Structure formats: structure tokens, C-alpha cells
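Here is a short briefing to read alongside the model. Let's start with a question about the packing inside, then turn to where the chains meet.

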Amino acid sequence: MMDIFLCLKQPSRMVDSKRMRMTSNFQWILLTFLLLYLMNQVSSQKKRTPHDLKCVTNNLQVWDCSWRAPSGAGRGAAYEVCIENGLHSCYRLEKNTKIPALSPGDHEVTINFGSSISKFTLNEKDVSFIPDTPEILNLSADFSTSTLHLKWNDKGSVFPRHSNVIWEIKILRKKNMEIVKIMTHNTTLNGKDTVHHWSWTSDMPLECATHYVGIRCYIDDPKFSGHKEWSNWSLLKNISWSSDSQTKVFPQDKVILVGSDITVCCVTQEKVLLALIGSTNCPLIHLDGENVAIKIHNISASESSGTNVVFSVEDNMFGTVIFAGYPPDIPQKLNCETYDLKEIVCTWNPGRPTSLVGPRNTSYTLCESFSGKCVRYKRAEVPTNESYQLFFQMLSNQEIYNFTLNARNPLGQSESTLLVNVTEKVHPHTPTSVKVKDINSTAVTLSWHLPGSFAKIKLLCQIEINKTNSVHELRNITMKGVENSSYLIAVDKLNPYTIYIFRIRCSTKPFWKWSKWSNEKQYLTTEAIPSKGPDTWREWSSDGKNLIIYWKPLSINEANGKILSYNVSCSSDEETQSLSEILDPQHKAEIQLDKNDYIISVVAKNSVGSSPPSKIASMEIPNDDLKIEQAVGMGNGILLTWNYDPNMTCDYVIKWCNSSRSEPCLMDWKKVPSNSTETVIESDQFRPGVRYNFFLYGCRNQGYQLLRSIIGYVEELAPTVAPNFTVEDTSADSILVRWEDIPVEELRGFLRGYLFYFEKGERDTSKMRGLESGRSDIKVKNITDISQKTLRIVDLQGKTSYHLVLRAYTDGGMGPEKSMFVVTKENSVGLIIAILIPVAVAVIVGVVTSILCYRKREWIKETFYPDIPNPENCKALQFQKSVCEGSSALKTLEMNPCTPNNVEVLETRSMVPKTEDTEIISPVAERPEDSSDVEPENHVVVSYCPPVIEEEIANPGADEAGGASQVIYIDIQSMYQPQAKPEEEPENDLVGGAGYKPQMHLPVTSTVEDLAAEDDLDKTAGYRPQANVNTWNLVSPDSPRSTDSNSEIVSFGSPCSTNSRQFLIPPKDEESPKSSGGGWSFTNFFQNKPND
Amino acid sequence: MKVLAAGVVPLLLVLHWKHGAGSPIPITPVNATCATRHPCHSNLMNQIRNQLLQLNSSANALFILYYTAQGEPFPNNLDKLCSPNVTDFPPFHANGTEKARLVELYRIIAYLGASLGNITRDQKVLNPNALSLHSKLNATVDVMRGLLSNVLCRLCSKYHVAHVDVAYGPDTSGKDVFQKKKLGCQLLGKYKQVIAVVAQAF
């Protein structure tokens, strides 16, 4: 139609658009009407005939065809249907008809209805195959396993041939029919009605909610070419749990695999508040009504009492227990063996624990496939350390067994198999009833009981033979098994009279396992005669009349029994004398012999018989050349050596004893073959530090000769005591000490010397500590001559306490020390000398001094006691008495003619010519001898001439310019003034020169030659006049202030006493703290020499 | 021997219960003869008191041991899982006469003995490794057996009561594991509560 429409539409595009559009629409409507008309005509034509033929089949044998009736046909209208299928067959039918299935291919079907005839072409391909709706025969539930069982009939008998059937089953849950699962199930139609079963296990307990089941099918017939369709769903059948009003939780006591999921529900009429798995909260899934469920994922292994799942309502809790565990592991290390060839015991290891106990625990069944017999494993009621083992009774004439051990629990099963030849797996029981019987002294029979039927096999038994103080011996014995379980063997090569301990274990051949050792059986073998005579020695008594015979008890191996007695006999060439029997344990006998050469014989006897005799000669050959030697052992023994002597035909004998014991002394002896030249003497009796005497005898011509005598120690030790020493004599410088020997018992070694220490020290202070530390104040004397018993210590100090220490030493070490304090005597001569010498020296010094003083008395006098001029002789110094006493302001001197005393003027060397008017030659030379030392040109003696001085003061410029010589009076105290201010000296002097000048006239230093003047001033410190007020200052002459204080003209006392050599001590002035320095200095004596 | 006793005694008690279940509790008429197999102990009441004190002193420990062995959430939900609301538990009146108290004590001990027998049996299956619990249960059952004998002796010798009808608790053999656990816990909770009152009354 569209094509037509498009074809019609194409030309219209050529016309004017508007007009053309209207025309086109019109044509389109016209054509539509035309078409509808035609269709209506056709339809009305159809409706007047049967039409819409459809055929379906549900069994492939009959087609159920139907068609639409022509309009106007009533319900009961009859049709004639004819099918052209080779045989023209027609049926008179009503509306629908069932026709047998037609063969493949087109078939013409004619339906006549009255006058109208409809023809159809019918092919199998046009036929639909819709199976009949299946019907559920039965739906049942196993609530314990939450399994639904469905049963239905496939009605296969109606189908002509075999066909595959697909059944689709749907499971719905809860009242709102939620689809839980849709599954298919395939079967085959076999021409018969077959009832099918199908089961489904729900993940939710069936009690929790109503479950519905429906089914439909689809028959896949390969030969049918038509359209195949699913059948309709069957009617739903449901399963629900008829609960009482009680609340219940499902599933109950469920056993599940660890790690799996499970749904637990609570069927209740109460409101569930929460759900707990153990102590863990779990979200609720609401089901119908108040029922709830929880889903547990990946559950973990339960404890033995299971995992509790509880649902809590308001005032109660309901729950269930789930047991999560594992299926049984494959039994491991399955092993089957027999103890006695009567019963087989199979053991195994269960492997991984299943976490299931009680009735859920693994059960084991052991089955033997050849015999078909099985045994079940039963657990003990009280659980212990389970040993998994099963006993299986052996079958006669069957050696090979094929065992299968099956393990089973609610979660599964496993098995392990073992093929075993039991004759090769014999693990015998422990031998019992071990008995021993004598055969002779070296052989016994050993019997034991070994339960089992070993008649057909061989046994390998092992006998352990233990002897006291000996290594155990194992003997293997192969024997044929017996039926009565009693076994007997002979054990030989034993020692007589020896305690043996026997025990036995057995295995079979071929070897599989040893049995456990039997209990030990102790047995003493019978006695035999002693195998040899006792080891003998003899000693002559100290008086030489009796011979003492010694012998050693025989060892157990030699005695072969209990020694009861000894027979001692002596024989000579003439006779044999038998002495009385000596009972054990006495091991010596004393015989009185009248001569020396007897042969002594000793025989040991036990209950069986006597030993071979042991003989020894009584003769002792003297030895004159005998020295006592020393020897030291090795701690546990002592080595003795000697030279080979071919004359010694029989054994050497070394006997020894403790040296502290009296003779005859015998501790033990040892016999050494004659070809030996050394032996080590060892004994448990040896003790370190004990002195022993060793005697080496050689055997010659049936007599013994003492060859060597040795004293020795097996080990030397340090002495236990110090030597006891005393002081024999004491002098002022020496001490004589004497000491005693240390007893041998306390010496404990060979004495090697003494160490003598001495030092100064009092009893209470000196401890003589650290003698070996090499203290320098300790003197040590090592006395290696052990025969020395005295020592004189010399070069000591008199009347001094000395600490003396003495100790002895051996090679074993130093002994203890003994100390003593001794005070040397006083040295009287020295004391006298010590007094006399200082006295003599003092006398000599006094005499010499006196002589010298006497001889130099003049000089001393001059130096220390010079004559002082008497001022009274000086008229110039005669003050008017009234003036002196009345006014202190008037201090001018009245220049009277006077005869001056000596005035010495020292003139410094100057280039400037001296002023003639100041040159006064003193008529008196006070020290002629000294004056010769002074150069004439420098030494000017001037007389006192005040006017001239005043002129010089008034004209200082001329003084400077001309450098005229001047007279300067320097008092004794201010002799250092020029040093303080040398440049101001002239000015000061000028000021100072205003007053009284003393008799001692010092040279005037030129201003040009200051430095030279300084020196001279130092040297010219002599007597100074007392009236110089400047210098009467209180300051020290050393003080700089003394030079500065010249501005203050201070009168400090009477100017009348000018003839004094001393200052008149002014009254103490508090403001002049330096007055202390103003005193007289002794050094001035020596500076004021006449020649200065 | 203990195992045998633990199995046989509950069985006998259960058989005994079948005869008297649901019936009133008659006491032997006064004129009925009453004979004990062995002479009663001279100081019977003291023994009864001591046995009650012994039971009372161990009841709490047994209770704790029991609910601990049942696993979570028992220890933390004792009020809901172990509440002592045991139906048909014989009553006890502390202010009754000695005879009445002894009769009631007999019924209680018989009830408890049977129930503890059930619990012991169940726990041996359920908790085979809880040896201390088994031991304590067995010891308690043993003391109860002795107490029951003493009480009967006392009733017989003094009050000439030769037979007392008793009632027993529900048999748990057919119940699921959780029910067994819960009933056992409830019974032991009740036992702990009752034995304190009974011990005080004597």
C-alpha cells in the first residue's frame, strides 16, 4: 500500500504546490476508501465461510483443529471437513474436530458449510505442540532435612515415541508466594506412564514458612516439526508446618559443615526482639506473621556443646543448637600388626579433629575384604587420651588381610585401606616369667614365657647379660617358635660366683619390631676353685726373729667364690711346716723362724677347693750401698724408675708406707716383672702433702734385696705451720734470730727454704701487709740453706722497733707466717758524740768570735760606737737662754765665732770650677787613714759660712748659670730624697738650706750632673744636723712625701739638742701615720762610714 | 560404678514416677508397718542437716559450672535462659512440722535427683570433655541419694512413714539439645534457690 501510495504521490510533485497538495489529499482519501471497500468485500466473503483454521496437539497423535464459524452459523452448525491425504476422508463435524496427526507435508483441508466451502492447506509445521498440564501426584516434606519430595506422572503412554521432556519446577515461599527457586528436570518419555520423583532441599527450614511447588513441561520431540510450547503450570501444591502455639526454633540440632551458610528461623506468635548467635547479634528476616529468620554465613567450628542460636522475646529466649564441624579426615598411619598371631590390632591417627563430639563424633568401622568381616570402634564412656585401635581376630589359614577403615560422621565419610601379611608384622608381647637355672659355674639355662602362636615362624631373641661393674653383653639367639609359648636356652661363658642380671626381648623373622625388654632377672653363678694364689709379701719383725707374711685378698674374678680361709706353710730344704688355717678376712700371719732361708707358701680356699700356692722367699739380702732419695709424684701416683739389673731374676717389689708410722711399716706393695725398669705407684690411700717411704726390692736367688729407699710425696703442699723462731740476741744495730724445724707432718712437702722479712714498725701500727707485693720498706732475706737455723740481721738502727716475719716454703707453696716485734738496744756512744760535737762547735765559734772581736774592737767601736762631738764645745750653737725659753718664733742663730768641729764637704766631680769663697779647708782631719782614700780634688772640707749661703740662695740664677759648687746639708733621714725628685733637688735644697746646717757637709751636686749627684747622695748619707726643720718632717725618708712636705715648716722639738745622733722623738702625731717610717735605720750606720 | 549409678538411678526413679505421676501424695497410714533394711544412724537429723548444708554450699558452683559449659549466650542471659520457673516443682513449707518438712524434703530431693540424673546423662553426651561438671553432678547426685535414704529412714523410724509419693520433672531424652540445656539450667537455678531455703529450714 505504501508503495502504491508512493507511486501515486510521485507525479503530484510536478503540480503547483497548493493545488497540487489539495489534489493529492483527495486522491489519497479516495484510494483509502477504495482499499477499505475491497477489504470489506473480501472479509465479508470470508465471514460467510469457515476461516482461521488452527491445529494443536498435546500428544502428537491427534491434532485438535478449530476454525472460526461463518457468520450466521449457529452453535450446532455442522461442517464437513475433508482432508486430502491420499485417502480422501471426510468428517462431518461441528466446529472443532480432532483429526489424526497427518504425515509431514501439505494437506488440503476442505470445510464445507452449507454452500460455502473453505479450503486450507494444513502442514505439520503449522501445528502447535502443547503438552497437557502436568499434575503433581504428591508433594511431601522431610522437615528434619528441609527437603521437599515431589512426585508426578509423565503420562508417557500417550506419546507415540520416545521424547526428551524438560520439567520446570518452581518453588515459592511464604503466603505472598515469593519465588525461591525455578529448576528444570530432564526425563525421557518411554511410551509408558512413569512417575517421577524430585527432591529439593531448602536453605530455610520448611517449618519456617509455607512452601509452594508448581510444575510444567516441555516435550522436545525431534521428529515433530511444528511449534513446541511449554505446558501450562500445574496447580500449586504447598507444604506447611502445623505448629502448636509453642514457640520453636528450626532447625534443631543441625550438623553442618564449617564455613557453610544456614538459615535459622523462629516460629512464634510473640514478637521477637533480637537474635543471637552465641553472643553476637544478628539481623532478623521477617517471615509470615511473627515468624523471623536469621541467616548465618560462613559459620565457624562449634565448641563441644554446639553453637547456640537464640531468639529473644520479651521475657524468654528460645533457641537451637547448631553443630558446625568437619567431615572425618582420612585415617592416617593405619597400621595393623599382631602380638601373638592370634589377634590383629590396627591403629591409626584420626587426622584433623572434626569439632564434633558425642553422638556426632566420628565412628570407625574396620572391614576385611577377603573375609568380609567387620569390627566397629567403640569409644570409652569417659573420654581419655584416645588411642584409636581395633582388634580383629585372625582367621585360620589366612595370612594376608586387606583392611579398610571407614570413618563416618554426620558430615561425611572417609576411608583408608591396608594390605598386610601379618606373619611379617609380628610385634611380640613382652617376655614374662624369666627363670635361670644352673648348668655349672660358667653356664646357666634361661627360660621365659612368650605368649603367641609362633609355631610357624622363627623367633629372634636378644639376651642382655649385665655383670656388676662391667659393660653389658648382648647375645642374639634364633629359635623356632613353639605353640606352648615356653622357651628355653643355655647361656654359657659366664664367670663363676658372679652376679648376673639377665633380661630378654624377642622379635620374629623377618624382623618387624622388638618386644619390650622383660623384667630383669638376677642370678649368682656357682663357685669354682680360686684361679690363682694370693699376692704375698713378707716383712721381718723389728727384732728379726719373726717373719710376718702379708697377702692380698683375691679379686672376685680370681677367687671364683667366697674365700673362706688361707693356708700358710713354710718350707726349707729339710722340712715343710704347715701352719694353722687362717680365716678370711685376716690377711697376714706371723711365723717364728729360726733361720733365714725359708720359702713361704700361701693358698686361698673357698667352698670348692684351694688355689694354686703363692710362694715367697724369706731371705733378705743386705745392701750396704743404700741412699735415701727424694721423689715427688704426679698428683695421683708416683713414678719410680731404676736401672735394669740382670741379676734380678724374679719380680721387683715396691712396698710403701706412711713415713710417720713406725717400723715395720707396710701400707701396700706392688710386684713388677723383672724386666721392668719403672712403674707408677698408684693407690687410693695416697693423700697429697703426706710423706711416704717407698722401698724397691729386687728378687735375687730366692731372696729379696732392698735396692732403693725413697721418700716422696704424691703431691707437695704448702706447710701448714710457720717455723717457730726466737730472738737470741739484740744489739743496737743487729738482731740474731733462731728458729726450729717444722715437723714432717706439717711441712707437707720437701722444705725448700725460708723467707725472712723485717721492717721498722711498732706492734700496733705495722701490719706487714702485702709481703709479696714488693714493698720497698720491707727487706726480705731468702734462706735456701735449710740447714741454717739462725740469722743475724745487721745494719739496724738503735732503739728502734722492728717487725720480723718468718715463713717456710716448699714446692707446694708458702707456709703461714710467724711474726715478732723486736726493739734494738740504744747506741750510747753515738749519743755522747751527738752531744759533745755541738758543744765543741759552739765553744770554738765563741772563742773565734771573741778573738775576732778583740782584734777588730777599734773598727767595731768606730762602726757601732763612734765619738760624738759635744755640742757644748760649739759656741755657735749657744742660744740665748731667754730666747730659747721665751719665744719660739725667734729661731735665728747668733753667729758667733766658733771653732767648728769637723765638717767634711764632699764635692762631686764637676767641670765647673768650684767657688772659691765656699772652699774652707778643715784644719782637722778626723780620719786620716780614710782620707787618703778620697781624692783631694773631690774632697773639700769647708767651714760653715752662712752669709755665703744666703747669697747663693738670693741668686739662684747665677747658681744655675755658673754651676757653682754649693754646700748641701742632708740629714741622715732624707738621704733618699734626691731619688724621689732629682730635678727639684736644687730648689728643695735651697729651701732647706735656710735653716741650720749640720756638721757633716755633703758634696753639692751640680744641677747639670743630676744623675751623678744621685749616686753621690746615696753614698754621702752621714750624720745630719738636728736643726734642719725640713728634714724633721715626720715622714719616712723613703716616702716621697718627705720631699713634698718642705712647704710646711714645722718645728718639732727643741732645736737645742743638736748634738744627739738620734732624732728627738717628736710627740706622736695622729695625723702622721707614716711616722713609723721615720725612725732610725740600722743600715745608716754602714752608710755613714768615715770614708764615705 | 558411678556411671552405673548415674544411669540406673534415674531410670528407677522414672519408673517410680510413672506409677505415682499425677496422683495425690499419700503418706503411709499410721498403722502400716515400716521397716528399714539397715538401722538408721543415731544422729540422723544432724546428718540430714549436714548433707543439706553440703548441697547448699556446692549448689552455686554447680550452677556456674553448668551454664558456663553450655556456651554463650547462657552466662549473659541467665534471667531468660535459666530462670527458676520450673513447673511441677514440689513445694516446701519451712514453717511446717518436722514430719511435713521431711516429707516435702523427700519429694524435692527425689525430684532433683531424677532431674540431675537426666542432666548428667545429657551433659555426658553433649559435653563429654567437661569432666569437672560431670564430677560435680555425680557428687551432687550421690549426696542426694544419701540424703534421700536418710530422710526416708527418719520418716520411717520416727513417723512410721514408709512410702511417700513423689513426682518428677519432665524427661528430657526426647528433647532437642537447646531444650536440654535450657531445662537443665532452669532446674539448677531452681535447685540453687530451693536448697538454700531447705537448708535454712533444717
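Which residues of the largest nonpolar core touch the most other members? In this predicted model, they are Ile48(B), Leu52(B), Leu116(B), Tyr191(B) and Phe202(B), out of 64 residues in that core.

**The nonpolar cores**

- Phe202(B) is worth a look on screen: leaving aside neighbours within four places in sequence, Phe202(B) is in contact with Met45(B), Arg49(B), Leu52(B), Phe92(B), Arg101(B), Leu102(B) and Leu105(B).
- Another core, of 44 residues, lies apart from the largest one; its members include Ile344(A), Cys346(A), Phe403(A) and Ile465(A).

**Where chain A meets chain B**

- On the chain A side, 28 residues are in contact with 21 residues of chain B.
- The two chains bury about 1,900 Å² between them, with 58% of it on carbon and sulfur atoms.
- The rule finds 12 residue pairs in polar contact across this interface (both at pLDDT 80 or more), but 0 salt bridges.
- Strand 24 (307–312) and strand 25 (317–325) of chain A each supply at least two residues of the side that touches chain B, and strand 25 gives the most, with 6 residues.
- That side of chain A is made up of 10 nonpolar, 12 polar and 6 charged residues.

Technical notes
Residues are numbered from 1 along each chain as its sequence is written. Chains are lettered from A and ligands numbered from 1 in the order in which they are written. This is a predicted model: local features need pLDDT of at least 70, side-chain atom pairs count only at pLDDT 80 or more; totals for chains, interfaces and linings use all residues. Side-chain values use heavy atoms; hydrogens and water are left out. Contact means heavy atoms within 4.5 Å. Buried area is the accessible area (1.4 Å probe) that two parts lose on being put together, summed over both. A salt bridge is a side-chain nitrogen of Lys or Arg within 4 Å of a carboxyl oxygen of Asp or Glu. A polar contact is a pair of N or O atoms within 3.5 Å; within protein, one must be able to donate a hydrogen and the other to accept it, and residues adjacent in sequence count only if both atoms are side-chain atoms. Helices (H or I, at least four residues) and strands (E, at least two) are DSSP runs, numbered from the N terminus. Ala, Val, Leu, Ile, Met, Phe, Trp, Tyr, Cys and Pro count as nonpolar, Asp, Glu, Lys and Arg as charged, and the others, Gly among them, as polar. A nonpolar core is a set of buried Ala, Val, Leu, Ile, Met, Phe, Trp, Tyr and Cys residues joined through side-chain atoms within 4.5 Å. Buried means under 20% relative accessible area, exposed over 50%, partly exposed in between (1.4 Å probe, protein chains only).
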